[in-house]
Amino acid sequence: MAAAVLLAATQLAQAQDTITIATEGAYPPFNYVDTDGSLKGLDVDIANALCDEMKAKCKIVSQEWDGMIPALTAKKFDAIIASMSITEERKKKIDFSKKYYSQPLSIGVPKDSTITGVTPEALKGKAIGAQGSTTQADYAEDHYGKAGAEVKLYPSNDEATADLQNGRLDALITDKFVLVDFLNKAGKDCCKLLGDVPDTQTEVGIGLRQGDPLKEKFNAAIDAIVKNGTYTKITRKYFPFDIY
């Protein structure tokens, strides 16, 4: 009996130390599926570093973006590390850790584009794409759509960049670092950075269920990896500049 109780307690402790983290897998360089089928990217590296710091077993799973918050609240996983911006609207449904990076929105266009600026007036009558259910989609609809642009929303950012690359969009609005990565790789021959959208700097955090004590553990782990240099080592694999 004593052995059975000890085994049960050990299994419970192990289960409590296992944190299941969701990412998207379609948002390079932050998260993507590698050629071997594994999840890779800055978000994944940060997740693993945080779990190492917390001495917790880390299980990372993929989740489509549109179902990310509903799946978290349904307890299909414990946390979201998927470059999710911290917004007041999302905080009505879930909680967030402190930021682990921040960035503005930017607009990319074909290299031969005649669009001269990022203002609503400059994009009037143009087709502008964005990933649905994101801060960039909200911005595109509220600012460009209402000013006369045609806003096209996509299930993933990869699909939006593909349409820009193939000439089916006049412009794309997305997070700056994701756009820069695209322009340095697949989009280097087709497209260019038009500019940053003013007053759109957002902070990115870890999504958690409201009231979950994991929040304080993640916050402490973020502070620790920033302080000990692990954060800089990870981010410099992807960007030659500070993103914190």
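Thr161 lies in helix H5, which spans residues 157-165. The structure is a predicted model. With a relative accessible area of 8%, Thr161 counts as buried, because that value is under 20%. Leaving aside residues up to four places away in sequence, Thr161 touches Leu172 and Phe182.

### Cysteines

The structure holds one disulfide. It is formed by Cys190 and Cys191, whose sulfur atoms are 2.3 Å apart. The torsion about this S-S bond is about -95°, so the disulfide of Cys190 and Cys191 is left-handed. Cys191 is buried, with a relative accessible area of 4%.

Cys51 is in no disulfide; its nearest cysteine sulfur belongs to Cys58 and is 3.0 Å away. Why does a distance of 3.0 Å not make Cys51 part of a disulfide? The sulfur atoms of a disulfide must be within 2.5 Å, and the sulfur of Cys58 is 3.0 Å away, so Cys51 is left out. For Cys58, likewise in no disulfide, the nearest cysteine sulfur is that of Cys51.

How exposed or buried are these residues?

The protein is divided into domain 1, made of residues 19-102 and 203-237, and domain 2, made of residues 103-201. The centres of domain 1 and domain 2, taken over C-alpha atoms, are separated by 25 Å. To the contact, domain 1 gives 13 residues and domain 2 gives 17 residues.

The size of an interface is often given as the accessible area lost when the parts come together. Here domain 1 and domain 2 bury about 1200 Å² between them, with 48% of this area on carbon and sulfur atoms. Which three residues supply more than any others of the area that domain 1 buries against domain 2? They are Tyr27, Trp65 and Ser102, which supply 38% of that area.

Between domain 1 and domain 2 there are zero salt bridges. Seven residue pairs are in polar contact across this interface, both residues of each pair being at pLDDT 80 or more. On the side of domain 1 that touches domain 2, strand E2 (26-27) and strand E7 (95-103) each supply at least two residues.

Note on methods
Residues are numbered from 1 along each chain as its sequence is written. This is a predicted model: local features need pLDDT of at least 70, side-chain atom pairs count only at pLDDT 80 or more; totals for chains, interfaces and linings use all residues. Side-chain values use heavy atoms; hydrogens and water are left out. Helices (H or I, at least four residues) and strands (E, at least two) are DSSP runs, numbered from the N terminus. Buried means under 20% relative accessible area, exposed over 50%, partly exposed in between (1.4 Å probe, protein chains only). Contact means heavy atoms within 4.5 Å. Domain bounds come from an automatic or database domain assignment. Buried area is the accessible area (1.4 Å probe) that two parts lose on being put together, summed over both. A salt bridge is a side-chain nitrogen of Lys or Arg within 4 Å of a carboxyl oxygen of Asp or Glu. A polar contact is a pair of N or O atoms within 3.5 Å; within protein, one must be able to donate a hydrogen and the other to accept it, and residues adjacent in sequence count only if both atoms are side-chain atoms.
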